Amino acid sequence: MGDLLLVRHGETEWSRSGQHTSWTDLPLTEHGEEQAKSLAPLLTGRTYARALASPLSRALRTAELAGIPAAVPEPDLHEWDYGGYEGITTAEIHRTRPGWDLWTDGVPPGPQGHPGESPERVGARADRVLAGVAAALDEDAGDVVLVAHAHFLRVLTARRLGLPPAEGRLFQLATGTVSRLSTEHGRPVIAEWNVRP
């Protein structure tokens, strides 16, 4: 059985400042580009049965710079829709909603087309991604690599481990990192997390 490799894109201006970034299509910073390039040694020398990336430029550029061959854009790998909290930091949200937590309190609707998402809705997308790569992992034709965003990949990890989507809160994920989900005795496990060269 192949491993599931999770790559969080490199730094953007908003990831550096802590602003919630879902649909805003920001480029990588210079540091983010260096982070992405530095991932190549962790990802080369593997056989990939599938390589998928969020359609946002920060993920596609990370895949390109990290040397991931022909990563196919997958809309379900899009970041959590933060609705009305797009571009806002948690500290700013706490000024009007003390104690607010994304994982339990949700987000208000945003502009047209961005109603916001609950952990369950993000989990449903993660489940579709996992179902779509299951055969590739089971056939042992190689690993599957997903290049995406922090909150989405945290939810996907929870779902892969059989946990509710909101348990993604347990898995902090830094920019420009590789994590590896594998199996032990037929059960999904975290083999490596937040790895940098």
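Residues are numbered from 1 along each chain as its sequence is written, and side-chain values use heavy atoms, with hydrogens and water left out. Because the model is predicted, local features need pLDDT of at least 70 and side-chain atom pairs count only at pLDDT 80 or more, while totals for chains, interfaces and linings use all residues.

The protein contains eight helices and six strands; helices (H or I, at least four residues) and strands (E, at least two) are DSSP runs, numbered from the N terminus. Read from the N terminus, the order of elements is β-α-α-α-β-α-β-α-α-α-β-α-β-β. The radius of gyration is 16 Å, close to the 16 Å that the globule rule gives for 197 residues, so the protein is as compact as a globular protein of that length (the radius is taken over C-alpha atoms, and the rule is 2.2 Å times the number of residues to the power 0.38). Along the principal axes, the C-alpha atoms fill a box of roughly 50 × 35 × 30 Å.

The six strands form an open sheet of mixed pairing in the order β3-β2-β4-β1-β5-β6, where two strands pair if DSSP finds at least two bridges between them. Its edge strands, β3 (72-73) and β6 (187-195), each pair on one side only. Six antiparallel bridges join β5 (residues 177-184) to β6, and E184 stands opposite R187 in β6. Helix α8 packs on this sheet, touching β1, β4, β5 and β6, with its direction at about 160° to that of β1. Helix α7 (residues 119-138) lies across β1 (4-8), β2 (48-53) and β4 (143-148), and runs at about 160° to β2. Contact here means heavy atoms within 4.5 Å; axes are lines fitted to C-alpha atoms, for helices over the stretch in contact, and angles run from 0 to 180 degrees between N-to-C directions.

A handy landmark comes next. H78 is found in the loop between β3 and α5 (90-96). Leaving aside neighbours within four places in sequence, H78 is in contact with S22, W23, S54, L56, R125, H149 and F152. The C-alpha atoms of H78 and L56 are separated by 7.3 Å, at 22 residues apart along the chain.

The largest pocket holds about 360 Å³ of space. On a 1 Å grid over the protein atoms alone, a pocket is an open set of points where a 1.4 Å probe fits, with protein on both sides within 12 Å along at least five of seven lines; lining residues have an atom within 4 Å of a point. Grid points are joined across faces, edges and corners, and a volume is the space filled by probe spheres set on the points. Of the 21 lining residues, R8, Q19, Y82, A150 and H151 are the closest to the centre of the largest pocket. Helices α1 (13-17) and α8 (150-160) each supply at least two residues of this lining, and α8 gives the largest share, three residues. The lining comprises five nonpolar, 12 polar and four charged residues (Ala, Val, Leu, Ile, Met, Phe, Trp, Tyr, Cys and Pro count as nonpolar, Asp, Glu, Lys and Arg as charged, and the others, Gly among them, as polar).
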